[in-house]
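Dear colleague,

Please find the structure below for your files. A summary of the findings follows it.

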Amino acid sequence: MFDINVSQKLRALRKKRGWTQSDMAAQLDISVPAYSKVECGTTELTLGRLRQLAAILGVKVCWLLDEDEMVLHQENEELKEKLRMTNIEVMGLQKRLLACFERR
């Protein structure tokens with residue numbers, strides 16, 4: 001078995017790309033139940049399989065295995081979402097300001 005963070009990272013990256021477990025299983029040439037066990041952390045992964053997963057998902061193997069990187073990734077995603085929300089708020093304010101100037 002491997003660290004649960006690896007399976008969490010795999011699931012998060014897969015979902016971020018909009019892929020299903022079936023999509024991942026097809027790319028790995030394994031069954032969907034076999035891939036499901038990978039994301040559940042109930043199957044041991046060889047270094048070769050980790051390399052294959054990393055290549056498919058566009059990350060480095062060391063990132064998959066590094067706990068600190070997972071925390072940084074989550075924080076980065078949270079900051080991106082806050083920035084997106086802030087940009088939406090700014091655009092709303094800009095529209096209101098423009099409307100005020102147009103009324104004058």
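**Findings**

Ser7 lies in helix H1, which spans residues 4–16; helices (H or I, at least four residues) and strands (E, at least two) are DSSP runs, numbered from the N terminus. Please note that this is a predicted model, in which local features need pLDDT of at least 70 and side-chain atom pairs count only at pLDDT 80 or more, while totals for chains, interfaces and linings use all residues. Residues are numbered from 1 along each chain as its sequence is written, and side-chain values use heavy atoms, with hydrogens and water left out.

Ser7 counts as buried because its relative accessibility is 1%; buried means under 20% relative accessible area, exposed over 50%, and partly exposed in between (1.4 Å probe, protein chains only). The side chain of Ser7 reaches the backbone oxygen of Glu39 at 3.4 Å. The C-alpha atoms of Ser7 and Leu65 are separated by 9.8 Å, although these residues are 58 apart along the chain.

The chain as a whole has 6 helices and 0 strands, and its pattern along the sequence reads α-α-α-α-α-α. Of its 104 residues, 25% are buried. Among contacts (heavy atoms within 4.5 Å) between residues at least 6 apart in sequence, 63% join residues at least 24 apart.

Finally, Met91 is found in helix H6, residues 67–103. Met91 is classed as partly exposed because its relative accessible area is 47%.

Yours sincerely

Methods: Polar contact = N/O pair within 3.5 Å; in protein donor to acceptor, adjacent residues only side chain to side chain.
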